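Hi everyone, thanks for coming. I'd like to walk you through a few spots in a structure that may be new to you, so please have a look at it with me.

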Amino acid sequence: MAYPTTLPAPGVTVAFRDGVRLAVTGTSLDVSDGDRPILLRLDGGDLSAALRRLAAGPVPLAELTGVLSTADRSALHRVLDRLARFVVRSVRVDGRDLVRIEHTAAGHEHRAVVVDPEVPVRLSRFALCRRRNGALVLESPLAKVRVLLVDPAARGVVAALGDQVTAADLAARAEAGGLGADRVAVLLGHLVGAGLAETAGQDGAFAADADPVLRQWDFHDLLFHSRIRAGRYDDPLGGLFPYVGSIDPLPAVKTPPDGPSVPLFRPDLDEVLAGDPRLTVALEGRRTFRQYAAEPITLRQLGEFLYRVARVRVRRPGGQGRDVELLSKPYPTGGAAYELELYLTVRRCAGLAPGIYYHDPVGHRLVLVNDDPDDRVALLRGAARATGDEADPDLLITMTARFQRVSWKYQGMAYATTLRHTGVLYQTMYLVATAMGLAPCGIGIGDADLSARAFGLDYLRESSVGDFLLGSRPPGNPPSWQEADGWHMLNDPAWAVWAGERLRAD
């Protein structure tokens, strides 16, 4: 029984990808796809002749390397590694392309392996199949290539790999398109070599099943990680403004919904500054509370909290093109997008009727959007479950995102950027609540469908990305900083003991 080794090159055709621009002169080959061009010297000899042949059109890899010396052949492979993002390899069997292979990472050359026709093979659980630029492609966050499934037989083989199967078994099936076992094994060798499929070991087990690192990665988490950071994928990434001129950007400020509104208290920031603890005291004293005092948080406290956390401080009009309307709030965001909105589901708040409210960050008021008690109870019950039923929430703050406010600028990383903003807002809420002597609790799970329905939102345009509980601090905990002469407590041994106990328990 044979196990993975390097597969010989015959059957592989090499060409430059569609859209790659080539300029060949007497002494150089200029290769560009519009981003980071590469200039190769052509100073004569067999290697230069091979590169000129490659620039002329698709060529079998065996033909390209067959006339080269060992040193030139190694040099050519180094050049192909460098040109990885510009080059496509086609796996040809009996005169037809089964798959085309495109590199998605620099400094990597695809190496196929030999697969014995009797060895069980299966698709990696991290592999995904999707439509891309008019083709069906197979990708994986474990792979540094994508495989275009251009032939029906290749698509049939991939579909059959949902369960473990051998090349010999596949050759007997209709989905293999009449390919013999040896031809199927060649195709599988490319998929295994790319990391898109895996072979069983001599004991019949698959190594991935016992790998403690891979077992702890969920499919969607690893895919997300591989796509929002550069290095493993070749799609555009960053602040590229992909929709300038074709789609208008969202306004920086959402138009508040219609409904009865409640004005909120606006604190004097000089008074806040005089009474607040130092930053280190708030950081060290921060903890999560899941129980509340008998007396609920007041509307005045809620107004101060929202003013300090989420009000619009500055609004700058936009112009044309990339000069969009920008905001400033107390917490930072990428590109001053401020796509996050706050909705409050209230069970108990002194001075405020139960209901579901939208926080207007410009008018600093609450607008009633839903007074249905069943929706209110459902949202609060879900928040309680997210705490393991430790909390009976008084007030739930749900963070929603107007997604297109961010994706209009950031390509390939828009949702990741929104999650970063959500974390920044969590920390801001924790610190302000701690400084005010309130009881904060960030929640890791929320029901985006339920909240979208309860808030009257379109799930794809705006839905929830975070949840936060807020209430009055229960007895038996340090008093509010304003009452405790609090910013000197870090030097108090009793405070240090309490803080150490709480940090260990939190």
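Let me start with a cut-off: a residue is called buried under 20% relative accessible area, exposed over 50%, and partly exposed in between. Do keep in mind that this is a predicted model.

With that cut-off, F224 counts as partly exposed, because its relative accessibility is 31%. You'll find F224 in helix α9, which covers residues 219–227.

Now let's move to T418. This residue sits in helix α15, residues 414–436. Is T418 buried or exposed? It counts as buried, because its relative accessibility is 1%. So who are its contacts? Leaving out residues up to four places away in sequence, T418 touches E339, L340, A401, V406 and V465. With E339 there is also a polar contact between the two side chains, at 2.8 Å. As for L342, 76 residues away along the chain, its C-alpha atom is 14 Å from that of T418.

My last stop is E198, in strand β12, which spans residues 197–199. E198 has a relative accessible area of 17%, so this residue is buried too. Which side chain does the side chain of E198 meet in a polar contact? That would be R122, at 2.6 Å. Again setting aside residues up to four places away in sequence, E198 touches several others, among them P120, V121, L123, F206 and A208.

Technical notes: Residues numbered from 1 in each chain as written. Predicted model: local features only at pLDDT ≥ 70, side-chain atom pairs only at ≥ 80, totals over all residues. Heavy atoms only, no water. Helix = DSSP H or I, 4+ residues; strand = E, 2+ residues; numbered from the N terminus. Buried < 20%, exposed > 50% of the residue type's maximum accessible area, 1.4 Å probe, protein only. Contact = heavy atoms within 4.5 Å. Polar contact = N/O pair within 3.5 Å; in protein donor to acceptor, adjacent residues only side chain to side chain.
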